[in-house]
Amino acid sequence: MSINIEPFEPAWWAWNTHVHTVVASQLTRVEKPDHKRIEIPTPDNDFLEIDVCRVDTEKPVVALFHGLEGSTDRHYIANLMGKLEENGFSSVALNFRGCGSRMNDQRRFYHSGETQDYRTFFQWINREFPDRDLYAVGYSLGANALVKYLGEEGKQSLVKRAVAVSPPYDLKEGSLRMQQGFNRIYEIRFLKTLVEKLELKRDKFPDLPSFHGNTIYDFDDQVTARLHNFSGADDYYHQCSSKHFYGEVKTDLLVIHSKEDTLCPIEFAPVSVMQDNHHILTHFTDEGGHVGFLSSDPGWLYRVILQWLER
């Protein structure tokens, strides 16, 4: 595919990957456009909370997916919604189950390979915007599930163009890397909210699995896998890792990833498979963080995403 993507020029003061990741995550100003939050039903008698930013144009609608323990209020979702609105795109952002303003109704939560909720979400968008093409942008965990959906659906995908930012390629290797060095800080933060939600949900479902560990791997093995019908963490990771699905993608897909990303190591990317698929374009930056690209000219990531969607 012929497209000249703007090179990533990092800010002079962003001297390593953790600066890109932490500063982008914690200090980015959030400017979410006017939107309407609604709930849509799921086939299993639950609901999905979504934010709808409607623009009166004929341009495509862009579906947005956040990362682990994120929400539609995270800077990378909220600010992209604003950029899309400025450029005439409607957007609809999904809060994964348990990540919105209130806890979901079923025992289960969400996970890295949950694509049935994506199908429910895409079908709702197609009904609500019947004359618009559907595009999608996913970040981290949300990007993993987006790639999995695209691979599962192939030519039947409802999505016509997509972007995956900082996707995990091998969920097990990423989980194990979370236990090392500075990454442990991220792991502790993720675990805190995961365990809080588990205990909150236990009020309604006293028989939920107990958690007796201190890593994401432990949580996925003891809780995530059991709640979502996997035999354990290894089974969950194997079935859901995005690396297994790139070869079947039939939707034009841009993958943006930093070679320095320590949370989702690029060394596990199926590069040859991605290069052999003419639907996939990869843009791997030498510097940057996980869903964090602090550029000398601010807003590089949004500009590249919009360039791809407008092409």
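Colleague: Quick one on this predicted model: is Thr-115 buried or exposed?

Modeller: Thr-115 is buried, because its relative accessible area is 4% and the cut-off for buried is under 20%.

Colleague: Where does Thr-115 sit?

Modeller: In the loop between E4 and helix H3, which covers 116-128.

Colleague: And which residues does Thr-115 touch, leaving out those up to four places away in sequence?

Modeller: Ala-145, Lys-148, Tyr-149 and Glu-152.

Colleague: OK, new topic. What's the strand order in the open sheet?

Modeller: There are 8 strands, running E1-E2-E4-E3-E5-E6-E7-E8, and the pairing is mixed. The edge strands are E1 (36-41) and E8 (280-285), each pairing on one side only. From one strand to the next, the twist averages 20°.

Colleague: Remind me, how do strands of a sheet pair?

Modeller: Through backbone hydrogen bonds, either parallel or antiparallel.

Colleague: Tell me about H2. How many of its residues are buried?

Modeller: 9 of the 12, so H2 is largely enclosed by the rest of the structure. The buried ones include His-75, Tyr-76, Asn-79 and Leu-84.

Colleague: And what do those buried residues pack against?

Modeller: Helices H1 (17-27) and H10 (300-310), plus strands E2, E3, E4 and E5.

Colleague: How far apart are the end C-alpha atoms of H2?

Modeller: They're 16 Å apart, which agrees with the 16 Å that 12 residues should span at 1.5 Å a residue. After H2 comes Gly-88, whose phi is positive, near 85°.

Colleague: Last topic, the nonpolar core. How many residues are in the largest one?

Modeller: 63, and Phe-65, Val-92, Phe-121, Phe-122, Ile-125 and Leu-253 have the most contacts inside it. Helix H4 (residues 141-153) gives the most to this core, with 7 residues. There's also a second, separate core of 31 residues, which includes Ile-3, Leu-84, Trp-300 and Tyr-302.

Colleague: Which residues is Val-92 in contact with, leaving aside neighbours within four places in sequence?

Modeller: Among them are Ile-50, Val-52, Val-61, Leu-64, Phe-121, Trp-124, Ile-125 and Phe-129. Asp-51 is on that list too.

Technical notes
Residues numbered from 1 in each chain as written. Predicted model: local features only at pLDDT ≥ 70, side-chain atom pairs only at ≥ 80, totals over all residues. Heavy atoms only, no water. Helix = DSSP H or I, 4+ residues; strand = E, 2+ residues; numbered from the N terminus. Expected span 1.5 Å × (residues − 1). Buried < 20%, exposed > 50% of the residue type's maximum accessible area, 1.4 Å probe, protein only. Contact = heavy atoms within 4.5 Å. Core = buried A, V, L, I, M, F, W, Y, C linked by side-chain atoms within 4.5 Å. Pairing = 2+ DSSP bridges. Axes fitted to C-alpha atoms, helices over the stretch in contact; angles between N-to-C directions.
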